[in-house]
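These are my notebook entries on a single structure. I set down what I looked up, one topic at a time.

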Amino acid sequence: MANVSARVETVQTEGFTMDCCRFGRGKDALVILPGMSVQRVMLSANAVAQSYARMAEDFTFYVFERRNDMPAGYSVRDMARDTAAAIQVLGLGPVRLFGASQGGMMALLIAMEFPELVRGMVLGSMSAQVTEAQYRGVFEKWAALARAGDAAALYLAFGEALYPKRMFEKLRPLLLQNAKAVTEEDLRRFIVQAEAMKGFDVRGNLAKVACPTLVIGDTDDKVFGGEASARLAEGIKECELYMYDGYGHAVYDLAPDYRERMRRFLARMDG
């Protein structure tokens with residue numbers, strides 16, 4: 001596999017700045033919106049680029065961070081609108097769009113509110129609704145650990161929810177090592193992301209999605225449950241659903257054919 005490196009840049013809009021990384025040589029733009037992260041995604045830009053190396057000839061990738069000055073009360077809809085603004089500043093669109101978890105929620109909102117920007121999209125490990133039980137059982141607990149400044153416990157709780165048990169135990173030393181580099185600003189940003197999940201519900205607007213969509217989930221998703229993917233797919237008119245079994249919420253990082261499945265779907269979109 002060829003070595004692929006990423007170039008990190010800052011997008012300047014009228015009201016904020018947002019970091020993104022760019023890699024690949026394909027003629028078509030593929031925008032990736034990651035899920036929540038304890039630390040900034042740009043710290044792992046080259047690792048992200050390398051994980052998509054097999055698709056680097058097909059697409060030019062743009063991976064977006066959340067805006068640099070995320071205020072308290074910043075909603076998922078705010079995240080989506082700001083990312084759409086950054087996409088427009090870069091002169092992209094219509095783009096292929098891949099969003100995972102919270103990033104999938106952002107992608108869904110962009111497709112609803114800015115249909116001219118999206119040619120087709122893949123939504124991974126997400127739900128059209130965050131129930132009160134899900135918020136209290138997952139995101140509120142993560143936010144509480146971040147408020148307490150316990151980065152190690154946060155990383156472990158985060159990893160345990162995302163990964164199957166065997167993989168979580170394998171990754172435990174790495175998670176604890178990563179926790180040592182977490183800053184107060186990282187924790188503040190994470191709290192904003194976690195609190196943004198409260199009350200998220202776009203079930204009534206799924207009919208607004210006009211682009212071809214592939215929903216990918218896993219039956220063992222401990223964050224939203226596998227049934228959330230099926231319900232999401234049912235609400236989108238031009239939609240395909242594929243379910244894995246046994247990889248958990250982070251199936252987008254673990255299933256060996258996940259990216260090839262994405263590539264095949266997105267390659268079908270008209271140029």
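Predicted model: local features only at pLDDT ≥ 70, side-chain atom pairs only at ≥ 80, totals over all residues.

The entries below go from the sheet to its strands, then to the helices, the core and one histidine.

**Entry 1**

I then looked up the strand order. The model has an open sheet of eight strands, and their order is S1-S2-S4-S3-S5-S6-S7-S8, with mixed pairing. I asked which strands stand at the edges. They are S1 (7–12) and S8 (239–244); each has a single partner strand, so one side of each is left without a neighbour in the sheet. From one strand to the next, the twist averages 20°.

**Entry 1: S3 and S5**

I looked up how S3 (residues 28–33) and S5 (residues 95–100) are joined, and found that they run parallel and share four bridges. For leucine 30, the bridge partner in S5 is arginine 96.

Is strand S7 (residues 213–218) largely enclosed or left open? I found that six of its six residues are buried, so S7 is largely enclosed by the rest of the structure. I then checked which way its residues point. Thr213, Val215 and Gly217 point one way, while Leu214, Ile216 and Asp218 point the other way, and all are buried.

S7 pairs with S6 (residues 118–124) in the parallel sense, over four bridges. S7 also runs parallel to S8, and six bridges join these two strands. Methionine 121 has threonine 213 as its bridge partner in S7, and threonine 213 in turn has cysteine 239 as its bridge partner in S8.

**Entry 2: H2 and H3**

I turned next to helix H2 (residues 76–89). It lies across S1, S2 (17–24), S3, S4 (59–67) and S5, and it runs at about 135° to S4. H2 also packs against H3, at an angle of about 65° and with the axes 8 Å apart. Their crossing is right-handed. In this contact, H2 supplies Val76, Arg77, Met79, Ala80, Arg81, Thr83 and Ala84, and H3 supplies Gln102, Met105, Met106, Leu109, Ile110 and Glu113.

**Entry 3: H5 and H6**

At what angle do H5 (residues 151–162) and H6 (residues 165–179) pack? The angle is about 150°, and the axes are 9 Å apart. An angle over 145 degrees counts as roughly antiparallel, and H5 and H6 are therefore roughly antiparallel to each other. H5 passes H6 in a right-handed crossing. Among the residues that meet are Tyr155 and Leu156 in H5, and Phe168 and Arg172 in H6.

The largest nonpolar core here has 109 residues, of which Phe23, Phe64, Phe98, Leu108, Met121, Phe139 and Trp142 touch the most other members. Helix H3 (residues 102–113) gives the most to this core, with eight residues.

I followed up methionine 121. Its contacts, leaving aside neighbours within four places in sequence, include Leu97, Leu108, Val209, Thr213 and Phe265.

**Entry 4: histidine 249**

Where is histidine 249 found? It is in the loop between S8 and helix H9 (251–254). Histidine 249 has a relative accessible area of 2% and is buried, because buried means under 20%. Leaving aside neighbours within four places in sequence, histidine 249 is in contact with Ser101, Ser125, Ala161, Leu162, Asp220, Asp221, Val223 and Phe224.

Notes: Residues numbered from 1 in each chain as written. Heavy atoms only, no water. Pairing = 2+ DSSP bridges. Axes fitted to C-alpha atoms, helices over the stretch in contact; angles between N-to-C directions. Contact = heavy atoms within 4.5 Å. Core = buried A, V, L, I, M, F, W, Y, C linked by side-chain atoms within 4.5 Å. Buried < 20%, exposed > 50% of the residue type's maximum accessible area, 1.4 Å probe, protein only. Parallel < 35°, antiparallel > 145°, perpendicular 65-115°, else oblique. Left-handed = near helix turned anticlockwise from the far one by under 90°.
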